[in-house]
Amino acid sequence: MQHRSRTGSHGKSGAKAGKLHLPMPPVDRAAKEALEPAFSLFSAESKRYPLILTLDQNGIPHRWVTWQHAVWYYAKERVAWETGSAAFTVNGGKSRDTGEVSSVSAASIIAIRGKAMAMKSFNQVPPLNNRELFHRDRHVCGYCGGVFSHSKLTRDHIIPYSRRGLDTWMNVVAACRSCNERKGSRLPEEAHMELVYAPYVPNRAEFLILANRRILVDQMEFLKQHVSAQSRVHLS
Ligand SMILES: [Zn+2]
């Protein structure tokens, strides 16, 4: 793993970044320092820029944050180290003394101080959503093997929901509508429909890959190192 320290003219410390005229949320003085502001991953503004991958101090992948959130981490001096290629540079105000325009740049992958708890959450089962499920299964129907768009796929419960099958990663596969209807509330063997691949639980690194459609090459390479060798992510 390559660790790079901040260098160059973009401001070595978060204190400089804090002086920039950036779209920061108003700071509630009563709020605890530990509280992080909420930045929506889905706002129009954040969609224009790549998401930044945060890690804990040990380099364990934690989550995606917006560039605004990343700038907030820099300003609060919470960035322990960074790696990956620079994701963006934001220009700030003009210095009255030097006339220079200040700027802050954030790397595409940053390790956050005090995020050791990510170690625990790394092994937690990620939430099950259709988008990530279909992505896990590479948009391939688990029964006929055809490739389908998101809108043509369904979440099939291998042991049917009506027969106490669980709504978990290990009991679901992507299935096209016609296969799902044909199978109905039967088990695959009862319906004589064999699964063409096996379900599995993605770990957190894989879930982060599945959840971000605009993942950068260096972020992908970093996350892949944390994905189990059996994962289908390695096929892409
Ligand atoms: Zn099918």
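The structure is a predicted model, in which local features need pLDDT of at least 70 and side-chain atom pairs count only at pLDDT 80 or more, while totals for chains, interfaces and linings use all residues. Residues are numbered from 1 along each chain as its sequence is written.

The protein chain holds eight helices and six strands. Helices (H or I, at least four residues) and strands (E, at least two) are DSSP runs, numbered from the N terminus. Along the sequence, their order is α-α-β-β-α-β-β-α-α-β-β-α-α-α. Of the 236 residues in the protein chain, 28% are buried. A residue is termed buried if 20 or more other C-beta atoms lie within 10 Å of its own, exposed if 12 or fewer, and partly exposed in between, with C-beta atoms placed from the backbone. Two residues are in contact if their C-beta atoms, placed from the backbone, lie within 7 Å. Among contacts in the protein chain with a separation of 6 or more, 66% are accounted for by residues 24 or more positions apart.

Strand β1 is covered on both faces, with Ile52 and Thr54 buried on one side and Leu53 and Leu55 buried on the other. Two strands pair if DSSP finds at least two bridges between them. β1 pairs with β2 (residues 61-65) in the antiparallel sense over four bridges, and with β4 in the parallel sense over three bridges. Leu53 has a bridge partner in each of these strands: Trp64 in β2 and Ile109 in β4. The hairpin formed by β1 and β2 has five residues between the strands, and Gly59 in the turn has a positive phi of about 90°.

Helix α3 (residues 67-75) is mostly covered, as nine of its nine residues are buried. One of them, Trp72, counts as buried because it has 21 C-beta neighbours inside 10 Å. The C-alpha atom of Trp72 is separated by 8.5 Å from that of Pro37, which is 35 residues apart from it along the chain. After α3 comes Glu77, with a positive phi near 55°. Helix α7 (residues 204-211) is largely enclosed by the rest of the structure, because seven of its eight residues are buried. These are Arg204, Ala205, Glu206, Phe207, Leu208, Ile209 and Leu210.

In soluble globular proteins, nonpolar side chains tend to be buried together. A nonpolar core is a set of buried Ala, Val, Leu, Ile, Met, Phe, Trp, Tyr and Cys residues joined through C-beta atoms within 7 Å. The largest such core has 31 residues, and those that touch the most other members are Ile52, Ala70, Val71, Tyr73, Tyr74, Ala106 and Ile110. Two or more residues of this core come from each of β1 (52-55), α3, β3 (79-94), β4 (101-112), α7 and α8 (217-224). Another core, of eleven residues, lies apart from it and includes Val140, Leu153, Ala174 and Ala175.

His139, with a phi of about 60°, is in the loop between α5 (130-136) and β5 (153-157). Because 16 other C-beta atoms lie within 10 Å, His139 is partly exposed. Arg164, with a phi of about 65°, is in the loop between β5 and β6 (172-176). Arg164 is exposed, with 8 other C-beta atoms within 10 Å.
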